[in-house]
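Trainee: I would like to go through this structure term by term. Please set each label against its cut-off.

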Amino acid sequence: MEFPTLKELDLSGNMIEGSLVNFSKIPNIRSLKLPQNKLEGSIPNFDSLFLLEEIDLGLNMLSGEIPWFSNLLNLKKLNLTTNYISGPIYNISNFDSLQTLNLSHNHLSGFLLDSAGLHVIVTGK
């Protein structure tokens, strides 16, 4: 099923179980909100979703490393709080649009370069 005109998908707090699907059939999506579910597995690479401005996958059971979102140049908000994500935190200096980054309560390593105007939350679990 394709949704070429869908701009926002909000399925917050529905206790949806399983892994994240391929979102490439929603090419014009700008906001993807799936917090407070029971999603497992790794975070997919959303690079084909060029218009994506917000990703909220907080409060799930996602694991693995954060993918490198190299084509998400419009991304303003990334919330991955309270999952089981591990690995390095990548340099985010090429995300000029990013305003809020919440990586708290995961198992991440490394550090973020200081970016003017960016609200960053990173704490251990």
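Trainee: Phe23 and Phe46: buried or exposed?

Mentor: Both Phe23 and Phe46 are buried. Before going further, note that this is a predicted model, in which local features need pLDDT of at least 70 and side-chain atom pairs count only at pLDDT 80 or more, while totals for chains, interfaces and linings use all residues. Residues are numbered from 1 along each chain as its sequence is written, and side-chain values use heavy atoms, with hydrogens and water left out.

Trainee: Why is Phe46 called buried?

Mentor: Buried means under 20% relative accessible area, exposed means over 50%, and partly exposed is in between, with a 1.4 Å probe and protein chains only. Phe46 has a relative accessible area of 2%, so Phe46 is buried. Phe69, at 4% relative accessibility, also counts as buried.

Trainee: What makes Phe23 and Phe46 a tilted pair?

Mentor: Rings of Phe, Tyr and Trp (its six-membered ring) pair if their centres lie within 6.5 Å; planes under 30 degrees apart count as stacked, over 60 as edge-to-face and the rest as tilted. The ring centres of Phe23 and Phe46 are 5.9 Å apart and the planes are at 40°, so this pair is tilted. Phe23 lies in the loop between strand 2 and strand 3 (31-33), and Phe46 in the loop between strand 4 (38-41) and strand 5 (54-56), so the pair ties together parts 23 residues apart in sequence.

Trainee: Why is the pair of Phe46 and Phe69 called tilted?

Mentor: Their ring centres are 5.9 Å apart and their planes are at 35°, so the pair is tilted. This pair links distant parts of the chain, with Phe46 in the loop between strand 4 and strand 5 and Phe69 in the loop between strand 6 and strand 7 (77-79), 23 residues apart. A search of the whole structure finds 2 aromatic pairs, and Phe23, Phe46 and Phe69 form one aromatic cluster.

Trainee: How many helices and strands does the chain have?

Mentor: The chain has 0 helices and 11 strands. Helices (H or I, at least four residues) and strands (E, at least two) are DSSP runs, numbered from the N terminus.

Trainee: How do you know that strand 6 and strand 8 are joined?

Mentor: Two strands pair if DSSP finds at least two bridges between them. Strand 6 (residues 61-64) and strand 8 (residues 84-88) run parallel and are joined by 2 bridges. In strand 8, Ile85 is the bridge partner of Gly64.

Trainee: In what order do the strands of the open sheet run?

Mentor: The order is 2-4-6-8-10, giving 5 strands with parallel pairing. What makes strand 2 (17-19) and strand 10 (107-109) the edge strands is that each pairs on one side only.

Trainee: Which phi value does Leu59 have?

Mentor: Phi of Leu59 is near 60°, a positive value in a residue other than glycine. Most residues other than glycine have a negative phi. Leu59 lies in the loop between strand 5 and strand 6. At 39% relative accessibility, Leu59 counts as partly exposed.

Trainee: Why is His105 called partly exposed?

Mentor: His105 has a relative accessible area of 36%, so the label is partly exposed. His105 is found in the loop between strand 9 (100-102) and strand 10, and its phi is also positive, near 60°.

Trainee: What share of the chain counts as buried?

Mentor: Of the 125 residues, 36% count as buried.
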